[in-house]
Amino acid sequence: MKVYLTRRYLFSSSHRLHNPLLTADANRETYGKCNNPHGHGHNYFLEVTVSGPIAPATGMLCDLAHLDAVVAREILDRFDHQNLNQLQEFSATVPTTENLAIQCQQILSRVALPAHLESIRIEETANNSFEFAGAQPLRR
Amino acid sequence: MIYLTRKAEFSASHYYHNPQWNPEENLRVFGKCANLNGHGHNYTLEVTVAGEVDAVTGFVIDLKLLKDVLTRQVLDDFDHRNLNKEVSEFTAQVPTTENIAVAIWKRLATSLAPVQLHRVRLYEQPDLFVDYYGE
């Protein structure tokens, strides 16, 4: 019996979409207003989905406080109220929300979570969201 | 195959308690959810069914039928109830969101023919939900 539990978190960060390998014109062409040299920011909603069996004694998939603590330490403390472009995680990639989603999934894959990491989803705005499950198929 | 999702809400109280544990162990594992006087949530239930579109009606399922099944099988028993004391599934198991989602699946799975139940998604609050696919 496999259940999927999703917890939703919020962090706020600034970024600028800019690839130094492209010309200034190409950057403006590619990224539009997201290329503004002064940057801009978002409230990112991160959904972390974990999966597995229900423990009969507790009725729970995992300890939520434990999950919250790991996500706070590994993701929220790292990205909240930061300029993503300045962070080592984006030293070689543009901090699009695609790349941010991949980073979050990879960071959480490397640490011990209280249940199996299934996938992550990030809403950049109410209109844009991105999902990443690594090598496994995304369960919908 | 097309997927249709119907949303419904119910409000219920519950508490987390394993009778095989002493009070200290219940408090350690379940925290404030172990308060035996209970607490409550506004649950949002999303039921997704999968099937083919009927050539005559253009429906995958008659929404009125789906609503009636949800009301009769789930909402009538769960809404404005104490899940621990009034819902049969939870006399022997803890009414966590995980277990409630599975219980709802079992109540609905055989009631929706010819469409298949695809997913039960249950929100305990806007930042926490459980999905169950009957696996």
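A residue counts as buried if 20 or more other C-beta atoms lie within 10 Å of its own, as exposed if 12 or fewer do, and as partly exposed in between, with C-beta atoms placed from the backbone. Keep that in mind for the tour. What you have open is a predicted model, where local features need pLDDT of at least 70, side-chain atom pairs count only at pLDDT 80 or more, and totals for chains, interfaces and linings use all residues. Residues are numbered from 1 along each chain as its sequence is written, while chains are lettered from A and ligands numbered from 1 in the order in which they are written.

**Stop 1: chain B**

Select chain B and colour by secondary structure. (Helices are DSSP runs of H or I with at least four residues, strands are runs of E with at least two, and both are numbered from the N terminus.) The C-alpha atoms fill a box of roughly 60 × 25 × 25 Å along the principal axes. Of the 135 residues in chain B, 31% are buried.

**Stop 2: helix 3 of chain A**

Now pick residues 97-110 of chain A. Helix 3 has 14 residues and reaches 20 Å from first C-alpha to last, close to the 20 Å expected at 1.5 Å a residue; that expectation is 1.5 Å times one less than the number of residues. Its buried residues are A:Thr97, A:Leu100, A:Ala101, A:Gln103, A:Cys104, A:Gln105 and A:Leu108.

**Stop 3: A:Leu46**

Next, click A:Leu46, in strand 2 (residues 40-53) of chain A. Why is A:Leu46 classed as buried? Because 21 other C-beta atoms lie within 10 Å. Leaving out residues up to four places away in sequence, A:Leu46 touches A:Tyr9, A:Phe11, A:Ile75, A:Cys104, A:Ile120 and A:Ile122. (Two residues are in contact if their C-beta atoms, placed from the backbone, lie within 7 Å.) Try a distance as well: the C-alpha atoms of A:Leu46 and A:Glu124 are 8.9 Å apart, though 78 residues separate them along the chain.

**Stop 4: where the chains meet**

Finally, show both chains. The contact takes 14 residues from chain A and 17 residues from chain B. Chain A's side divides into eight nonpolar, three polar and three charged residues. Zoom in on A:Leu5, which stands opposite B:Val130 in strand 5 of chain B.

Notes:
Ala, Val, Leu, Ile, Met, Phe, Trp, Tyr, Cys and Pro count as nonpolar, Asp, Glu, Lys and Arg as charged, and the others, Gly among them, as polar. Two strands pair if DSSP finds at least two bridges between them.
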